[in-house]
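Dear colleague,

I am passing the structure below on to you. My notes on it follow.

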Amino acid sequence: MKVLVGSFTAESNSWNPFNHKLEQFNIGYDDVVGKNMFCEDIFKENGIEAIPTIYANGGANGYIEKSSFMFIADKIIDKAIEKKNEIDGVLMFLHGASHVLDLDEDAGELYILKKVREIVGKDIPIAITMDPHGNVTESYTELANIIRCYRQSPHWDREQTHRDVAELFVKLLKNPKNIKPEYERVPILVGGSRSVSADEPMNSINNLLDKAETLEGIMSASYHIGYSHADSPLCAAGVVVVPENDSYQSLASQKAKEIAKFAMDNKEAFHFTNYTVEPDKAVEEAITTTKKTVFITDSGDDATGGSFGYNTLLLRMFLERSDLNNKKVLFASVHDPAACNKLMNHEIGDYVSFSLGVAIDDESQQVIINGNITAMGDLNTFYAFPHKIGDTVTVKIDDTDIYIVVANHLTAFREVQQFEKAGLDYKDYDIIVVKQGYLYTDLLELSDKDIMALTPGITYKKIEDLEFKNLIRPIYPLDKDAFK
Ligand SMILES: [Zn+2]
């Protein structure tokens, strides 16, 4: 048996003023596709030959340029056309939060699914694994037979979910049945920092999903949190329940409705998981606490959520403080390619004077920095397949105990390995400011206190204060009163 495989990831933030381009995607072909979808051995054991198309991971960024998206989509579509008569099934990872400029479907995932379904016809099974921070709508359930997203946020069940979907898909391939997932829209849009799975109400929702999956006739159940930073009618939460076959259709529908109702009944329980305060309070508390290590997340400049890591606002707030209470402060990092590349002409120990900040808005205003270079190293990515994407130069600012990691590429410091690659020991610092929303598990384990600063910026986390024009209303928490 032959199965077409492909993977496409992008989170497209409406408030990001730049378009997402092909060269910003991590692209792989051939064996990379199956390997990154964790299905190679499952296919091998079951005598299935993978037909790889493309692995394209663009992370979080702005809306995707149409030509860039079409390059990726056509790798999948053209291969589907070429191998049309050989394909027994299609297995894809489609994140769910992409938006493409001038595309009728808006979401790139929907376009890909639609085209692939058209090509292979209605009888070939299609399974998709998704990220819960993407959107799913009724249309997906008309195009794919199996839809299942990660259950845990952060996604420590990523590999397992890929494998579970691959197993379910193989079962379906061997014993073909007509399957249509059931979908229930949930008019809630709270974003990732208010839907961490170790916390409520996600923990209880996930228990219900686990329970649904033990029922006879239910293949899988998912709660899709939805993508909170795109102004699109597609954005909302949703429940998908997949029946084993059409005789369990009404059971799947009933479970989807029950779980959606539970989420709506408990909508007020969605809350910021981290201790969350306004920026000035975050700075004050980090300086005055006796705890070490304190992590502050610059949540409006969340490099994992579509922002640039450009912002200097918190740095300026720390610089204005005359007394840091003997605290050593590390900013990991500020993304400024020009400043970083200039600093790379120097060596550790050199005295440097430069301007930091790309000045595209109020938050990224320039700051004049004078100080010594204390470290130089690599900028590594995090989470899925960490690798070097750029360089870092760390500078200690004159007459202060403030250190800034200047980076020439976009990423967030989320894991210890990234500090090490940059030539830093996180334990040397009392306060570390990172470009995230909620603090990720790796750093959370190292922190004695973590504070999410509600900073302004492209990923401002109080979604109810953002101006949306295209969401389907009412939606919680934007229209709180409508649900009373
Ligand atoms: Zn996610």
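This is a predicted model: local features need pLDDT of at least 70, side-chain atom pairs count only at pLDDT 80 or more; totals for chains, interfaces and linings use all residues.

UniProt, in an unreviewed entry, lists residues 296-470 as "domain: Microcystin LR degradation protein MlrC C-terminal"; its positions are given in the numbering used here, feature names are shortened, and annotations may be inferred rather than shown by experiment. The end C-alpha atoms of residues 296-470 lie 32 Å apart, and the span is 14% helix and 31% strand. Helices (H or I, at least four residues) and strands (E, at least two) are DSSP runs, numbered from the N terminus.

Residues are numbered from 1 along each chain as its sequence is written.

The protein is divided into domain 1 (2-269) and domain 2 (275-460), with bounds from an automatic or database domain assignment. Their centres, taken over C-alpha atoms, are separated by 33 Å. Twelve residues from domain 1 and 13 residues from domain 2 make the contact (C-beta atoms, placed from the backbone, within 7 Å). On the side of domain 1 that touches domain 2, strand β3 (residues 49-61) gives the most, with three residues.

An open sheet of nine strands runs in the order β10-β18-β11-β17-β12-β16-β15-β14-β13, with mixed pairing; two strands pair if DSSP finds at least two bridges between them. β10 (275-277) and β13 (351-356) stand at the edges with a single partner strand each, so one side of each has no neighbour in the sheet. Strand β11 (residues 294-298) pairs with β17 (residues 431-434) in the parallel sense over four bridges, and Thr 297 has Val 434 of β17 as its bridge partner. Helix α9 (residues 279-288) lies across β10, β11, β17 and β18 (449-453), at about 160° to β18; axes are lines fitted to C-alpha atoms, for helices over the stretch in contact, and angles run from 0 to 180 degrees between N-to-C directions.

The largest nonpolar core has 150 residues, of which Ile 146, Ile 404 and Val 406 touch the most other members. Such a core is a set of buried Ala, Val, Leu, Ile, Met, Phe, Trp, Tyr and Cys residues joined through C-beta atoms within 7 Å, and buried means 20 or more other C-beta atoms within 10 Å of a residue's own. Domain 1 and domain 2 both give residues to this core, so it lies between them. Leaving aside residues up to four places away in sequence, Ile 404 touches residues including Leu 315, Phe 331 and Ile 369.

Regards

Terms used: Two residues are in contact if their C-beta atoms, placed from the backbone, lie within 7 Å. A residue is buried if 20 or more other C-beta atoms lie within 10 Å of its own, exposed if 12 or fewer, and partly exposed in between; C-beta atoms are placed from the backbone.
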